[in-house]
Structure formats: structure tokens, C-alpha cells
Amino acid sequence: MIRILSEEESEPASRPALDSDLFTAVGTYGPDGNSVAAYHSFIASHAAHIPQEHLWQRIESYIAFRWGVRTVVWIVEGPGTFETPLKPATVSTTEIWQNEAWASVTLKAAPLGYVLEDATYRFTASVGTGDVPPAIVQEAIRRLAFYAVETWQQSGGWTGLGDGQTTVPSWPARSMQYSGAADLLRPYRRLGAYQCA
């Protein structure tokens, strides 16, 4: 049975650009169109100032796909078939723990990964893409940002970053679900439990 003993994911050097109008206020409605428009403009302008890294961290904690290339190292225990749990991934190094040290090893390929024996392995991979995120992922980011601003504008739940100028939401439990972002990201979800062959 495969067990992932550790997963070390570095931060990407950069993220792909989001659509320039992602945080633009959309539409007016209600009996007082002007005040509603002003409120939407307020929410949109504040959402645009949430550091994108904070939004990406929330999104990526929920999904298996990555935008922005980074290095990931997995230490895995066999036997079984190992498939990288983050996508897209290009494995550059496979090693086995033997004689109290890591040694390079060539592994047998499986349809969706690598065949492992009863041993401990280390995989180093380049994970993520520089492609522009699909519209549905960008919409999830927008919803999360707008939800954060609306929620904490009402409750005052903002946290300073220490530079005296930047504040970010103090993320509440289930913000991914309440914002609607989670529903949009279902096709990109990480498996709840590692599945092995």
C-alpha cells in the first residue's frame, strides 16, 4: 500500500496573469441603482487590493491543480503504484532510500505513474503551468475575494500584514463553500485520500 510520508511544495516564482477586469463591479440592481452601484464599486475596489498570493493559497489548499511553476518533493513508501497528487507534474528525479542515504533509481512505469517496491522513495518534480487559468478558476478567485470583502466589511475582520498599509481578510471557516468558489472548483479537487493500486 502506498503512503505519502511528506510533501514539500515551494512557492512559485510567479503566477500567471488574471483577467484585467476580474475585480470590476458587475451590474446594478435594486430600487436604488446608484447606491447599489456605489456598494458594488466599493466591494470591487477592495477585492482588487487583496494580495493575489493570499487568494491563490486559499484556492490551492482546495485543489490538486497548480498555476505558477514550482518544485515539489514527495517522500513515498511502497509497495504499489504512485501517481503524483498535484498536477501537472513532471518528475525530474526518482530516488530510493538505501544504506542510510538517497540513491538514484530508475522505476518501472505504470499507466498513471510509477511502480514501487516495498521501500521508501523520494520524487522531485516541477509542478504547475504558466498558462492563464481557465475562466472558471478565475471566477472562483473573484467570488472568494468579493465574499471576503463583503463579509469583513460588515464584521471588521481584517488583519494587518505589518507594513502599516496592507490588510487582508481573516479567513473564516468554510469561506470557499460560502463564496461559491468550492462548487466551481470541483473538477480540480484533490483526492480526499490517496488512492493506490
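Reader: Why does Trp-97 count as partly exposed?

Author: Because its relative accessible area is 43%, and partly exposed covers what falls between buried (under 20% relative accessible area) and exposed (over 50%), with a 1.4 Å probe and protein chains only. Trp-102, at 25% relative accessibility, is partly exposed too. Before we go on: this is a predicted model, where local features need pLDDT of at least 70, side-chain atom pairs need pLDDT 80 or more, and totals for chains, interfaces and linings use all residues. Residues are numbered from 1 along each chain as its sequence is written, and side-chain values use heavy atoms, leaving out hydrogens and water.

Reader: OK, how do I read an aromatic pair?

Author: You describe two rings by the distance of their centres and the angle of their planes. Here, rings of Phe, Tyr and Trp (its six-membered ring) pair if the centres lie within 6.5 Å; planes under 30 degrees apart are stacked, over 60 edge-to-face, and the rest tilted. That rule gives 8 aromatic pairs. Take Trp-56 and Trp-67: their ring centres are 6.2 Å apart and the planes sit at 35°, so this pair is tilted.

Reader: Where in the chain do Trp-56 and Trp-67 lie?

Author: Trp-56 is in helix α2 (residues 52-60), and Trp-67 is in the loop between α2 and β2 (70-77), 11 residues apart. Helices (H or I, at least four residues) and strands (E, at least two) are DSSP runs numbered from the N terminus. Both Trp-56 and Trp-67 are buried.

Reader: How about nonpolar cores?

Author: In soluble globular proteins, nonpolar side chains tend to be buried together. A core here is a set of buried Ala, Val, Leu, Ile, Met, Phe, Trp, Tyr and Cys residues joined through side-chain atoms within 4.5 Å. The largest has 27 residues, and Phe-23, Ile-59, Ile-141, Met-176 and Leu-185 touch the most other members. Elements giving two or more residues to this core are α1 (33-47), α2, α3 (135-155) and α5 (181-184). Of these, α3 gives the most, with 8 residues. A second, separate core has 14 residues, including Ile-2, Leu-107, Tyr-121 and Phe-123.
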